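Dear colleague,

Please find the structure below, handed over for your review. My notes on helix packing and the nonpolar core follow it.

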Amino acid sequence: MVYVRKALLGLWNIWFYILAGSGLFLCFPFLLLCLTREKWYSGVFYLGRYFWSPLIMLGMGFIPVIKYNANIDYSKPHMFIANHLSMIDIMMTSMTIRKPAVFVGKMELDRIPLFATIYKRGAILVNRDSASSRKNVYTQAKRKIALGFGIMIYPEGLVPEPDVFLAPFKNGAFSIAIEHQIPIVPITLPDCKKRFPFQFSYKYWVGKPGVVRANVHAPISTKGLTHEDMPALKEKTYQFMSEMLKKEGYK
């Protein structure tokens with residue numbers, strides 16, 4: 001029985017990549033066109049939000065349930081942050097954010113065929129082991145914010161081990177938010193890990209279709225804060241998200 005379960009979960013995981021690749025292939029010409037001009041990035045975002053992400057989520061048997069706990073003024077840029085322990089975190093955050101936001105992602109993903117072509121042009125890439133790369137994130141984020149786009153960062157800065165509840169936050173998201181005086185919007189994802197974890201063999205290949213929740217919380221203001229306030233802001237946000245995840249049943 002265990003081997004049957006493993007085989008079915010293995011095929012299900014493969015189906016995820018088939019859906020992701022097929023959706024990207026269908027959109028590829030349009031994505032390339034949108035990325036020829038920086039201001040046209042909105043087309044990439046909306047295609048991801050309304051087509052690519054729902055295709056994958058629904059095709060995998062996931063039912064996205066998004067709850068907004070506060071109104072967000074999307075006429076202004078925001079810094080969006082979320083916990084991160086699943087491949088479907090990207091789809092859920094894409095579907096959750098209502099106006100264009102540029103994702104900050106790890107450099108290693110630029111090696112995936114086809115996906116890399118879009119990823120390198122549409123996201124802000126960072127090599128966290130390189131000081132110059134981390135500095136470049138600030139430069140690119142400044143330009144994207146000036147164009148009116150929000151920024152989406154997973155502040156843990158890595159994919160934690162399964163037994164880590166919420167890894168310590170890195171400085172980047174909070175430093176950028178303070179520098180540009182933009183609010184921070186915490187997004188908690190309590191179900192992605194149990195539905196489709198990164199670790200393929202975690203707890204004997206867990207994962208199954210079902211409801212996947214995303215909770216969007218009230219923006220945290222950075223108005224008047226300086227970089228001296230950054231550690232306190234980071235800790236405050238960490239504690240808030242940790243508390244919310246516990247209330248939402250995240251394990």
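Why are H6 and H8 described as oblique to each other? The axes of helix H6 (residues 172-180) and helix H8 (residues 230-247) come within 10 Å and cross at roughly 120 degrees, and H6 and H8 are therefore oblique to each other. Angles under 35 degrees count as roughly parallel, over 145 as roughly antiparallel, 65 to 115 as roughly perpendicular, and the rest as oblique. Axes are lines fitted to C-alpha atoms, for helices over the stretch in contact, with angles from 0 to 180 degrees between N-to-C directions. Helices (H or I, at least four residues) are DSSP runs numbered from the N terminus.

Please note that this is a predicted model, in which local features need pLDDT of at least 70 and side-chain atom pairs count only at pLDDT 80 or more, while totals for chains, interfaces and linings use all residues. Residues are numbered from 1 along each chain as its sequence is written, and side-chain values use heavy atoms, with hydrogens and water left out.

Phe174, Ser175 and Ile178 of H6 make the contact (heavy atoms within 4.5 Å) with Met230, Leu233, Lys234 and Thr237 of H8. By class, this contact of H6 with H8 has four nonpolar, two polar and one charged residues. Here Ala, Val, Leu, Ile, Met, Phe, Trp, Tyr, Cys and Pro count as nonpolar, Asp, Glu, Lys and Arg as charged, and the others, Gly among them, as polar.

The second pair is H1 and H2, whose axes are 10 Å apart and which pack at an angle of about 160 degrees. H1 and H2 are therefore roughly antiparallel to each other, and H1 passes H2 in a right-handed crossing.

Serine 53 lies in helix H2 (residues 41-59). Leaving aside neighbours within four places in sequence, serine 53 is in contact with Gly48, Met91, Ser94 and Met95.

The largest nonpolar core has 71 residues, and those with the most contacts inside it are Met79, Ile88 and Ile151. Such a core is a set of buried Ala, Val, Leu, Ile, Met, Phe, Trp, Tyr and Cys residues joined through side-chain atoms within 4.5 Å. Its largest share, ten residues, comes from helix H1 (residues 2-34).

With kind regards

Note on methods. Helix = DSSP H or I, 4+ residues; strand = E, 2+ residues; numbered from the N terminus. Buried < 20%, exposed > 50% of the residue type's maximum accessible area, 1.4 Å probe, protein only. Left-handed = near helix turned anticlockwise from the far one by under 90°.
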